[in-house]
Amino acid sequence: METILKVEGLKTYYFTSTGVVKAVDGVNFTMQRGESLGIAGESGCGKSTLAYSLMNLVPPPGKIVDGSIILDGMDIAKMDEDSLRNEVRWKKVAMVFQGAMNALTPVYKIGKQLAEPLVIHGNISEDEAIEKAKEILPKVGLDPNIINRYPHELSGGMKQRVMIAMALIMNPDIVIADEPTTALDVIVQAQILNLLKKLKWEMGINLILISHDLSIMAEVVDRLIIMYAGKIVEIGNSEDVFGKPNHPYTQGLLNSIPKLGTHELNYIPGLPPDLRNPPKGCRFADRCPYVMDICRREEPPMFEVGNGHYSYCWLNR
Ligand SMILES: Nc1ncnc2c1ncn2[C@@H]1O[C@H](COP(=O)(O)OP(=O)(O)OP(=O)(O)O)[C@@H](O)[C@H]1O
Ligand SMILES: [Mg+2]
């Protein structure tokens, strides 16, 4: 197996007027070539911030404050803007941004918007870029003629396919899709997920799929990262994390997926901690049904709980 991405000790903070938000606070993981990775966790746990960090494109007042992101021998966390723009963004790592399909500019045709990253990063003319865009559209299940249409003439699912095409256009190694199906109805959701799976197989894309919805991840990703309050709490093969969840937070998340035929609505009581002032020890302690003294005193280390399956929980001591 070849490691294509290695993230170590990553910390990304937002420096706001009311304090420092520790949105990603010491994250470690690796990604192997050909593998797809899912990142799941409640709203606000740092999924998008982690994704932005992987392109070193964290919006202000955020920035990477520590750690390394090694891709192809380069440390993305420490690269300057020029090198990031010329060597990394879109070419090596591309992203389908959360909510981006609603950010297509209404006044430009799809072709012009699709071509934009190519013109900016690929040193080619707009006409050439539009030709390239036409080649990529059938790969995402769209007719090349939609380059002449305006965004309002497309359905939500079509717009999301355009966003995926935009991420693919420079033939990147890694594609990050941040909540790519959230605003879509269930049928279109399934179509988009199938498309991502197909692209992974046909184009050899290393997919990082982000969602708060564990049930949609089951089908798509090989390995799963569960995040809570800026940290990874569990990581492992999807079947293991779904089938034998170790961390009480993962168990709670899986229990809160609505089940057909019951009227029960389970959820995890309480709220995630304030990331400006996270508790010491385990960040989940206040909501954990199994909390012990040590959990409030010391941060749990990583425990191996199965083959390639790790959990940061003192219950495994
Ligand atoms: N621009 C910003 N300025 C200040 N704080 C921010 C900013 N963006 C995000 N945060 C904070 O960082 C934390 C992580 O946010 P992030 O958007 O990464 O979460 P997420 O897991 O992607 O959530 P969601 O599922 O809602 O998309 C949250 O506490 C959020 O309030
Ligand atoms: Mg997000």
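## Terms and model

Two strands count as paired if DSSP finds at least two bridges between them. Strands (E, at least two residues) and helices (H or I, at least four) are DSSP runs, numbered from the N terminus.

This is a predicted model, in which local features need pLDDT of at least 70, side-chain atom pairs count only at pLDDT 80 or more, and totals for chains, interfaces and linings use all residues. Residues are numbered from 1 along each chain as its sequence is written, while chains are lettered from A and ligands numbered from 1 in the order in which they are written.

Eight strands make an open sheet with mixed pairing, in the order 6-7-8-3-9-10-12-11. Strand 6 (93-96) and strand 11 (303-306) are the edge strands, and each pairs on one side only. From one strand to the next, the twist averages 20 degrees.

Strand 3 (residues 37-40) runs parallel to strand 8 (residues 206-211), with four bridges between them. Here leucine 37 faces isoleucine 208 of strand 8.

Strand 1 (residues 3-16) and strand 2 are antiparallel and share eleven bridges. Threonine 16 has glycine 19, in strand 2, as its bridge partner. Axes are lines fitted to C-alpha atoms, for helices over the stretch in contact, and angles between N-to-C directions run from 0 to 180 degrees.
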